[in-house]
Amino acid sequence: MAFGITRNELLQWKSDIDKGKIAFLTHYWLDDRFPDIHTVTKVGCKDLKLLSEWGKQYGLKKEWIHHRKDGYSHFDLLGQKQVEILFNEGLEDQLKTFSILHS
């Protein structure tokens, strides 16, 4: 279950993806499979080759892309990998907003 984002933030993420950009969306998240994880960052792009190439620099495999019929395919970033990537991408504001600097 996702929460902690506004409709406008979701629409902006989708708009950026539609424009062919690598887009980031962090939100609170609860999933019984990951009891110690409380946030997720979705990194999407309409150009799956570009998304795959972007992910390689962080050790993400193209097989990990969640392929969506609606056009919003994405990687899910969790835990320390999420922190590492958000920091390296200059998105420390998302780390602070969701209190995940300590993850």
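Modeller: The backbone oxygen of Tyr72 lies 3.0 Å from a polar atom of the side chain of His74. A polar contact is a pair of N or O atoms within 3.5 Å; within protein, one must be able to donate a hydrogen and the other to accept it, and residues adjacent in sequence count only if both atoms are side-chain atoms. This is a predicted model, in which local features need pLDDT of at least 70, side-chain atom pairs count only at pLDDT 80 or more, and totals for chains, interfaces and linings use all residues. Residues are numbered from 1 along each chain as its sequence is written, and side-chain values use heavy atoms, with hydrogens and water left out.

Biologist: Is His74 buried or exposed?

Modeller: His74 is buried, with a relative accessible area of 4%. Buried means under 20% relative accessible area, exposed over 50%, and partly exposed in between (1.4 Å probe, protein chains only).

Biologist: Where is the place of His74, and what does His74 touch?

Modeller: His74 has its place in strand 4. Helices (H or I, at least four residues) and strands (E, at least two) are DSSP runs, numbered from the N terminus. Not counting residues up to four places away in sequence, His74 touches residues including Trp13, Leu51, Trp64 and Arg68; contact means heavy atoms within 4.5 Å.

Biologist: How many residues has the largest nonpolar core?

Modeller: The largest nonpolar core has 17 residues, and among those with the most contacts inside it are Phe24, Leu51, Trp54 and Ile85. Helix 2 (48-56), strand 4 (74-77) and helix 3 (79-88) each supply at least two residues of this core. Helix 3 gives the most to this core, with three residues. A nonpolar core is a set of buried Ala, Val, Leu, Ile, Met, Phe, Trp, Tyr and Cys residues joined through side-chain atoms within 4.5 Å.

Biologist: Turning to helix 2, which residues are buried there?

Modeller: Leu51, Ser52, Trp54 and Gly55 are buried in helix 2. They lie on the same side of helix 2, because they cover an arc of only 160° around the axis. The arc is that of the directions from the helix axis to the C-beta atoms.

Biologist: And which exposed residues does the face turned away carry?

Modeller: That face of helix 2 carries the exposed residues Lys49 and Lys56.

Biologist: What about helix 3: which residues are buried?

Modeller: In helix 3, the buried residues are Gly79, Gln82, Val83, Ile85 and Leu86. They pack against strand 2, strand 3, helix 2, strand 4 and helix 4 (92-97). Just after helix 3, Gly90 takes a positive phi of about 75°.
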